[in-house]
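Let's take a walk through this one together. Have the sequence and the 3D view at hand, and we'll go from the overall layout down to individual side chains.

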Amino acid sequence: MLVLTPINSTLLPWDCNVLSNGPDSGIVNDANDWATETMNNPRYPLELFLRVITVSLATMKIVKALPKLDI
């Protein structure tokens, strides 16, 4: 059973994925442009997020299968 507790931060910092302009340079910071220009894949952020979910689920399955500790 997965138990989620409220915390002050999220797994992925969504606030980092907003458009922003550098006040001095005027450079636009856009994660979606970066994905297209660098990775040649506009779906890269979504695919990366899906990979994180896949690894998390696999980890939970492995941990659940571990034997109980006698402490």
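How many helices and strands are there in the protein? There are 2 helices and 2 strands, and from the N terminus on they run β-β-α-α. These elements are DSSP runs, numbered from the N terminus, with helices (H or I) of at least four residues and strands (E) of at least two. Before going on, keep in mind that this is a predicted model, where local features need pLDDT of at least 70, side-chain atom pairs count only at pLDDT 80 or more, and totals for chains, interfaces and linings use all residues. Residues are numbered from 1 along each chain as its sequence is written, and side-chain values use heavy atoms, with hydrogens and water left out.

Now for the surface. The protein has about 6800 Å² of accessible surface, and carbon and sulfur atoms account for 63% of that; such areas come from the Shrake-Rupley method with a 1.4 Å probe, and for residues only the protein chains shown count as cover. Of the 71 residues, 6% are buried, where buried means under 20% relative accessible area, exposed means over 50%, and partly exposed is in between (1.4 Å probe, protein chains only).

A35 sits in helix 1. Skip the residues up to four places away in sequence, and A35 still touches N40, N41, Y44 and P45, a contact being heavy atoms within 4.5 Å. With P45, the C-alpha to C-alpha distance is 7.0 Å, across 10 residues of sequence.

W34 and Y44 have ring centres 5.9 Å apart and planes at 55°, so the pair is tilted. Since W34 lies in helix 1 and Y44 in helix 2, the pair ties together parts that are 10 residues apart in sequence. For the cut-offs, rings of Phe, Tyr and Trp (its six-membered ring) pair if their centres lie within 6.5 Å, and planes under 30 degrees apart count as stacked, over 60 as edge-to-face and the rest as tilted. W34 itself is partly exposed, at 43% relative accessibility.

What about the loop between the helices? N40 is found there, with a phi near 55°, a positive value in a residue other than glycine. N40 counts as exposed, at 66% relative accessibility. N41 is in the loop between helix 1 (31-39) and helix 2 as well. The N41 side chain reaches the backbone nitrogen of R43 at 3.0 Å. Beyond its neighbours within four places in sequence, N41 is in contact with A35, T36 and E47.

R43 and E47 bring us to charge. Side chains of opposite charge can pair when their charged atoms come close. Here the side chains of R43 and E47 meet in a salt bridge at 3.8 Å, N to O; the term calls for a side-chain nitrogen of Lys or Arg within 4 Å of a carboxyl oxygen of Asp or Glu. A search of the whole structure finds 1 salt bridge. Both partners are partly exposed: R43 has a relative accessible area of 48%, and E47 has 26%.

Finally, look at L46, L50, I53, L57 and M60, which form a nonpolar surface patch with about 420 Å² of accessible area together. Patches are made of residues with over 30% relative accessible area and no salt bridge, with like charges joined within 9 Å and nonpolar side chains (Val, Leu, Ile, Met, Phe, Trp, Tyr) within 5 Å. M60 lies in helix 2 (residues 44-65) and is partly exposed, with a relative accessible area of 38%.

Terms used:
A polar contact is a pair of N or O atoms within 3.5 Å; within protein, one must be able to donate a hydrogen and the other to accept it, and residues adjacent in sequence count only if both atoms are side-chain atoms.
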